[in-house]
Amino acid sequence: MKNRHKILLGIIALLIVWIIIWNILPVGNGGWNEKQIQKINSAQSQDNFCFAVMGDNKNGFSTFHRIIRNISIKRPLFAIDVGDLVYDGDKEKYRIFYNEIKKLEVPLLVAIGNHDIRELGRANYFDIFGNFYYSFSYGNSLFVVLDDANEEYIDKQQMEFLENELKEDYKHK
């Protein structure tokens, strides 16, 4: 009987160690958005192009999976997910989301939403995707992604960033 208990305790200890390690392991390689922008910039510049926009996919894994599959088939230049990537900012939920999007062959940029910042989600988002607001251009178009996850306001630093970006000369902003 004592050997059985030792084996059982050993298995429990291994499971606890595995759970702890799983929770501290990073999700992805970090800097996701910047890498996606580099992919977009590596495409031959065109004045006419299409892109996909989606968001609020936190509760619909099967629907989100179909959207990702359709984007892969339609092959727009890129896609943007405008927030609420996950139900809450729990690392495991980000891991599930990341494992779904890493299969996508089309560059996918993300913005942070109010659900994404719950449960230490702001830190998890940053570790995976990078900056909370950013911009990029393609051809004669400028895209600006801001962080309004607090649902109250765009802070002064972002507003200055936006104003400076909008001064740039692009046909489409």
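Predicted model: local features only at pLDDT ≥ 70, side-chain atom pairs only at ≥ 80, totals over all residues.
Reader: Thanks! Which strand is joined to strand 1, and by how many bridges?

Author: The general idea is that strands of a sheet pair through backbone hydrogen bonds, either parallel or antiparallel. In this model, strand 1 is joined to strand 2 (residues 78–81) by four bridges, and the two run parallel. To find one of these places, look at Phe51, whose bridge partner in strand 2 is Phe78.

Reader: How many strands form the open sheet, and in what order?

Author: Three strands form it, in the order 1-2-3, with parallel pairing. Strand 1 and strand 3 (108–110) are the edge strands, each pairing on one side only. From one strand to the next, the twist averages 20 degrees. Strand 2 and strand 3 pair over three bridges, in the parallel sense. Here you can look for Asp81, which stands opposite Val110 in strand 3.

Reader: Which strands does helix 2 touch where it packs on the sheet?

Author: Helix 2 (residues 32–42) touches strand 2 and strand 3, and its direction makes about 140 degrees with that of strand 3. Helix 3, in turn, lies across strand 1 and strand 2 and runs at about 175 degrees to strand 1.

Reader: Now for helices against helices. At roughly what angle do the axes of helix 3 and helix 4 cross?

Author: Two packed helices are described by the angle between their axes and the distance between the axes. For helix 3 (residues 61–74) and helix 4 (residues 91–101), the axes cross at roughly 25 degrees and come within 10 Å. That angle makes helix 3 roughly parallel to helix 4. The crossing of this pair is right-handed.

Reader: Which residues of helix 3 and helix 4 meet?

Author: From helix 3 come Phe61, Phe64, His65 and Ile68, and they meet Ile96, Phe97, Glu100 and Ile101 of helix 4. Sorted by class, this contact has six nonpolar residues, one polar and one charged.

Reader: How do helix 4 and helix 5 cross?

Author: Their axes cross at roughly 30 degrees and come within 10 Å, with helix 5 covering residues 121–129. Helix 4 and helix 5 are therefore roughly parallel to each other, and their crossing is right-handed. On the helix 4 side you will find Lys91, Tyr94, Phe97, Tyr98 and Ile101. Gly121, Asn124, Tyr125, Ile128 and Phe129 meet them from helix 5. Seven residues of this contact are nonpolar, two are polar and one is charged.

Reader: One last feature. Is Asn140 buried or exposed?

Author: Asn140 is buried, because its relative accessible area is 17% and buried means under 20%. You can find Asn140 in the loop between strand 4 (134–138) and strand 5 (141–145). Beyond its neighbours within four places in sequence, Asn140 is in contact with Asp47, Tyr170, Lys171 and His172.

Reader: Where is His172?

Author: His172 sits in the segment after helix 6 (156–166). With a relative accessible area of 39%, His172 is partly exposed. Leaving aside neighbours within four places in sequence, His172 is in contact with Asn140, Ser141 and Leu142.

Conventions
Residues numbered from 1 in each chain as written. Heavy atoms only, no water. Axes fitted to C-alpha atoms, helices over the stretch in contact; angles between N-to-C directions. Parallel < 35°, antiparallel > 145°, perpendicular 65-115°, else oblique. Left-handed = near helix turned anticlockwise from the far one by under 90°. Contact = heavy atoms within 4.5 Å. Nonpolar A, V, L, I, M, F, W, Y, C, P; charged D, E, K, R; others polar. Pairing = 2+ DSSP bridges. Buried < 20%, exposed > 50% of the residue type's maximum accessible area, 1.4 Å probe, protein only.
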